[in-house]
Amino acid sequence: MKRFISTILLLLITATAISAQDIGDVYEDDYVYEQNGAGDQFIKINLDVLFPLNFEKQLYTGGAIELGYYRFLNSWLAVGGELNASYNISVGKKIYIMLPILAGVMFQPTYDKFEFPIFVNIGMGYETWQNIDYFPSLVMKLSGGAYYRLNEMCSFGLNLDYMLVPQFFEDSSKNFAGNFLSLTIGARYHF
C-alpha cells in the first residue's frame with residue numbers, strides 16, 4: 001500500500017512539473033529603460049575658460065565657475081537655473097567680475113550613453129569693474145555640449161557657451177553689449 005501511494009504521489013508531482021508553464025511565458029516585461037525621465041534631476045558644476053569677444057583687446061581671457069540644477073519634465077526637456085561667477089583681467093590690471101543668476105530650459109537629445117544638452121538661459125547679474133558697479137544687468141546665454149553618461153549617477157563632458165551681457169545707461173551713447181564665448185568642462189550628478 002505504501003508503494004502504491006508513493007507511486008501516485010510521484011506521478012502527480014511529475015505531471016504537475018511537466019504541465020507547469022515557464023515563468024518567462026507568463027510574465028512579459030515591456031519596460032524600456034531611459035537614461036532620463038520625468039522627475040529626474042541633476043546638479044552640474046562647470047569650469048570655464050572665458051573669452052571676451054568685443055572688448056577690443058581691453059580684456060584678457062578669464063575664467064568662470066558655474067553651479068546649476070535642472071529637473072526633467074520628460075525624457076528630453078528640463079527646466080532649472082544656474083549661478084555663475086566669472087572674471088577677466090583688463091589691460092590696466094583691473095578685474096572685471098560678473099555674477100549672473102540665470103533661469104533656463106534644456107533640450108537634450110541622447111544616443112546610447114551620449115547626451116547632447118542645448119541650454120537657453122536668461123537672467124540678471126551683478127557686474128563690477130574699475131570701481132563701477134552695474135546691477136541688474138540683463139544676461140542671456142546659449143550653450144551646446146556633448147556629455148558621456150558614465151553610469152546612472154554621473155556624466156562628464158564639454159560645452160561651448162555664448163553669453164550676451166547688454167548694459168543700458170541714461171546716456172544712450174554709453175550703452176554696450178558685452179559678448180563672451182566660453183569653453184566649459186563639466187560634471188553632472190544625476191538623481
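**Pocket, cavity, buried residues and cores**

Author: By class, the lining of the largest pocket comprises 9 nonpolar, 6 polar and 3 charged residues, where Ala, Val, Leu, Ile, Met, Phe, Trp, Tyr, Cys and Pro are nonpolar, Asp, Glu, Lys and Arg are charged, and the others, Gly among them, are polar. This is a predicted model, in which local features need pLDDT of at least 70 and side-chain atom pairs count only at pLDDT 80 or more, while totals for chains, interfaces and linings use all residues. Residues are numbered from 1 along each chain as its sequence is written, and side-chain values use heavy atoms, with hydrogens and water left out.

Reader: Which residues lie nearest the centre of the largest pocket, and what makes a space a pocket or a cavity?

Author: Of the 18 lining residues, F55, W129, Q167, F169 and F176 lie nearest the centre of the pocket, and about 420 Å³ of space lies in it. On a 1 Å grid over the protein atoms alone, a pocket is an open set of points with protein on both sides within 12 Å along at least five of seven lines, a cavity is a set where a 1.4 Å probe fits but cannot get out, and a lining residue has an atom within 4 Å of a point. Strand 7 (118-129) gives the most to the pocket lining, with 3 residues; strands are DSSP runs of E of at least two residues, numbered from the N terminus.

Reader: How many cavities of 30 Å³ or more does a search of the whole structure find, and which strand gives the most to the lining of the largest cavity?

Author: The search finds 1 such cavity, and about 70 Å³ of space lies in the largest cavity. Strand 9 gives the most to its lining, with 3 residues, and the lining residues include D48, L50, D161 and S182. By class, this lining has 5 nonpolar, 3 polar and 4 charged residues.

Reader: Why does S182 count as buried?

Author: Buried means under 20% relative accessible area, exposed over 50% and partly exposed in between, with a 1.4 Å probe and protein chains only. The relative accessibility of S182 is 4%, so S182 counts as buried. Contact means heavy atoms within 4.5 Å, and beyond its neighbours within four places in sequence S182 is in contact with residues including D48, L50 and D161.

Reader: What makes the pair Q108 and R188 a polar contact?

Author: The side chains of Q108 and R188 are joined at 3.0 Å; a polar contact is a pair of N or O atoms within 3.5 Å, where within protein one must be able to donate a hydrogen and the other to accept it, and residues adjacent in sequence count only if both atoms are side-chain atoms. Q108 is buried because its relative accessible area is 1%, and R188 is buried because its value is 3%. Q108 sits in the loop between strand 4 (95-107) and strand 5 (110-111), whereas R188 lies in strand 10.

Reader: What makes a set of residues a nonpolar core, and which residues form the largest one?

Author: Such a core is a set of buried Ala, Val, Leu, Ile, Met, Phe, Trp, Tyr and Cys residues joined through side-chain atoms within 4.5 Å. The largest has 10 residues, namely L50, F55, L59, Y96, M98, L102, V139, M163, V165 and F180. Strand 4 gives the most to this core, with 3 residues.

Terms used
Grid points are joined across faces, edges and corners, and a volume is the space filled by probe spheres set on the points. Helices (H or I, at least four residues) and strands (E, at least two) are DSSP runs, numbered from the N terminus.
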